[in-house]
Amino acid sequence: MPLARSLSVTSLSGLEDWDEEFDLEDAVLFEIAWEVANKVGGIYTVIQTKARLTAEEWGENYFLVGPYVESNVRTQVELIEPTNPVLKRTIDKMNASGCKVYFGRWLIEGSPYVVLIDVAFSAWSLDTWKSELWELCDIGVPWFDREANDAVLFGFLTAWLLGEYAAQSEEPPHIVAHFHEWLAGLGLILCRHRQLPVATIFTTHATLLGRYLCAGNVDFYNKLADFNVDKEAGDRQIYHRYCLERSAAHCAHVFTTVSQITAVEAEYLLMRKPDIITPNGLNVKKFSAVHEFQNLHAQSKHRIQEFVRGHFYGHLDFNLDKCLFLFIAGRYEFSNKGADIFLEALARLNYLLRVNHSDVTVIAFFIMPARTNNFNVETLKGQAVRKQLWDTAQTVKERFGKKLYESLLVGQLPDVQKIIDKEDFTIMKRAIFATQRQCQPPVCTHNMLEDSSDPILNCVRRIGLFNSAADRVKIIFHPEFLSSTSPLLPMDYEEFVRGCHLGVFPSYYEPWGYTPAECTVMGIPSISTNLSGFGCFMEEHIADPSAYGIYILDRRYRGVDESCNQLTSFLFQFCKQSRRQRIIQRNRTERLSELLDWKYLGRYYISARHMALAKAFPDTYMYEPTEPTSTSGFSYPRPASVPPSPALSRHSSPHHSEAEDNDEEERYDEDLEAEKDRKNIRQPYALPLKNKTSPLGANGNGNGDDDEN
């Protein structure tokens with residue numbers, strides 16, 4: 001099934017600052033999501049990172065709406081009195097009517113205002129509101145689905161908030177309400193049913209049914225048109241959730257998704273084609289020193305090496321300087337996230353490295369939270385042994401240094417036999433004996449609650465990668481989020497990613513893919529798939545993604561075994577790169593970070609809001625969408641110099657000779673290549689919105705002239 005482009009394409013608008021000034025004084029934006037100041041999944045990252053840009057655009061008229069969770073509020077939110085008089089009257093009226101609504105500043109970049117609704121406090125209205133939902137929409141919510149019950153409460157309270165705000169306004173307001181995901185969708189449905197003066201936007205970051213179907217091992221993307229969606233949702237007992245999501249998509253003035261692949265999915269599962277694609281971005285911080293991110297990589301890699309020294313004590317028979325760190329991270333969805341195909345590829349990679357007598361060792365980390373009792377005793381012991389060896393070495397070094405100093409003072413060359421005495425040898429021998437262990441280094445760092453049925457551990461048992469001395473591929477399963485306060489691996493996620501060499505995310509279902517995007521921003525190469533929003537986005541905007549360290553695995557038109565072989569080939573060729581080639585590749589990867597900056601991707605959210613305003617208030621706003629020319633958007637060509645490894649580029653890339661490889665150091669000029677990349681970035685494609693009473697449009701002309709940024 002071809003991935004037909006939506007009305008508003010995802011070709012990136014360009015890399016220049018836009019200077020449009022919109023007259024938003026008489027408009028107010030409410031952005032509503034269950035993950036406002038409440039970290040559950042990836043939507044939290046979307047909202048948190050985008051908040052600064054949106055707050056700069058809307059100023060005092062931007063409010064995030066989410067649930068009140070006391071533990072989160074204590075650490076993330078500063079509660080204050082509302083500064084907006086209309087909103088203050090609204091909150092006071094709701095609190096006087098039996099609700100609990102809080103107002104404050106979310107202590108993140110941009111410090112946006114937040115309105116937090118205590119869902120539990122209004123639980124007494126649940127039965128009444130569920131009855132009203134049934135009467136209005138014929139959607140029945142079962143009593144045992146707590147998440148759906150929370151969605152009902154949150155939806156009715158959100159609609160109450162918006163309706164009360166409109167009622168308290170002295171003049172007819174222009175309200176934009178942006179709802180994220182099905183948990184917030186009921187509020188949108190009620191706004192349209194009650195005919196509130198609200199321009200509504202609904203964004204689905206991943207369809208409910210799509211996630212469930214992909215987890216069930218079906219040929220999802222090639223059979224999208226064949227699914228009986230009502231039956232499939234009913235069979236999985238999520239029909240009521242699916243109805244809420246689908247109704248919100250159809251009721252919204254503007255419906256958006258985060259990627260083209262998800263747009264196709266939504267068209268078949270939710271029965272509505274998205275109006276615009278809003279790719280997810282990040283706040284990219286550039287270093288004043290161009291290669292500072294390389295220094296950070298070295299520092300973080302050293303910390304990972306220290307952990308590895310402890311984890312593999314007694315079996316440290318490999319060279320850490322020739323050790324590559326690979327990782328996969330995210331929600332523990334064994335098949336959807338591609339952990340199954342990654343493990344199989346690691347087994348095949350292990351065979352290739354062994355038969356080719358490679359001196360490279362690969363350590364693959366699986367950072368996927370699961371149910372555990374506590375840390376594995378053997379894992380903690382390894383770190384204690386490493387610390388003990390370090391202390392012993394420091395003690396002997398101090399004793400040796402003192403004797404060496406005294407020998408030099410009297411003008412004599414030191415006699416090593418006298419400087420290191422029997423006591424020193426005894427201390428060192430005791431330390432060496434302490435490193436002996438009778439078992440293999442553990443695969444899992446924790447004691448799993450469901451060890452016998454855990455998908456990763458069962459797959460490891462099947463492929464036989466038990467961290468033995470003969471294996472060139474080692475596996476470390478860390479089933480919890482990384483934290484700088486951990487006694488085992490004291491690193492936060494960002495530090496850990498910077499210290500790795502390659503992120504591997506061969507997902508089967510990944511509507512966007514923040515993990516490879518974060519790798520790119522930090523200059524770490526990654527593997528994603530053509531079924532992920534990130535992978536499709538990069539394929540569209542880069543002529544040869546692999547030359548920039550973005551490897552796109554084909555999981556759409558190949559069988560599982562073929563995809564696994566392709567992944568194995570990617571990994572094996574990456575292992576064959578020299579240190580210099582990896583440095584060059586990281587430089588190229590980091591340059592792509594500009595593609596993912598909210599500074600530019602935020603334009604799509606701006607366009608979505610303008611489209612909604614024009615549809616809801618046609619007498620005031622006018623939206624004039626303009627189709628981009630064929631030359632607009634980003635177009636990163638292949639790098640001017642030879643790629644790090646010829647096998648990694650596309651088949652269409654010319655294969656260069658060995659002489660070119662030997663001459664690579666002279667041919668590669670980092671600054672010159674970066675400048676050429678910047679010149680290939682095109683001017684923004686403008687999406688104007690005009691206010692019929694005053695100019696409210698973009699100044700860009702949408703031409704595709706080159707810009708040097």
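What follows covers a helix pair, then a sheet and the helix packed on it. The model is predicted.

Start with the helices. Two packed helices are described by the angle between their axes and the distance between the axes. Take helix α6, residues 181-193, and helix α9, residues 239-251. They pack at an angle of about 50 degrees. Their axes lie 8 Å apart. Angles from 65 to 115 degrees would count as roughly perpendicular, and those under 35 as roughly parallel. α6 and α9 are therefore oblique to each other. Their crossing is left-handed.

Now look at the residues in between. From α6, the contact uses W182, G185, L186, L188, I189 and R192. From α9 come R241, L244, E245, S247, A248 and C251. By class, the contact residues divide into 7 nonpolar, 2 polar and 3 charged.

Next, the sheet. Strands of a sheet pair through backbone hydrogen bonds, either parallel or antiparallel. Here, 6 strands form an open sheet with parallel pairing. The order is β14-β11-β10-β15-β16-β17. Which strands stand at the edges? They are β14 (473-478) and β17 (550-553). Each has a single partner strand, so one side of each is left without a neighbour in the sheet. From one strand to the next, the twist averages 25 degrees.

Zoom in on one pairing. Strand β10 (residues 323-329) and strand β15 (residues 502-504) pair in the parallel sense over 2 bridges. F327 stands opposite G503 in β15.

Finally, a helix packs on this sheet: α18, residues 514-521. α18 touches β10, β15, β16 (526-529) and β17. The direction of α18 makes about 150 degrees with that of β16.

Key: Residues numbered from 1 in each chain as written. Predicted model: local features only at pLDDT ≥ 70, side-chain atom pairs only at ≥ 80, totals over all residues. Heavy atoms only, no water. Axes fitted to C-alpha atoms, helices over the stretch in contact; angles between N-to-C directions. Helix = DSSP H or I, 4+ residues; strand = E, 2+ residues; numbered from the N terminus. Parallel < 35°, antiparallel > 145°, perpendicular 65-115°, else oblique. Left-handed = near helix turned anticlockwise from the far one by under 90°. Contact = heavy atoms within 4.5 Å. Nonpolar A, V, L, I, M, F, W, Y, C, P; charged D, E, K, R; others polar. Pairing = 2+ DSSP bridges.
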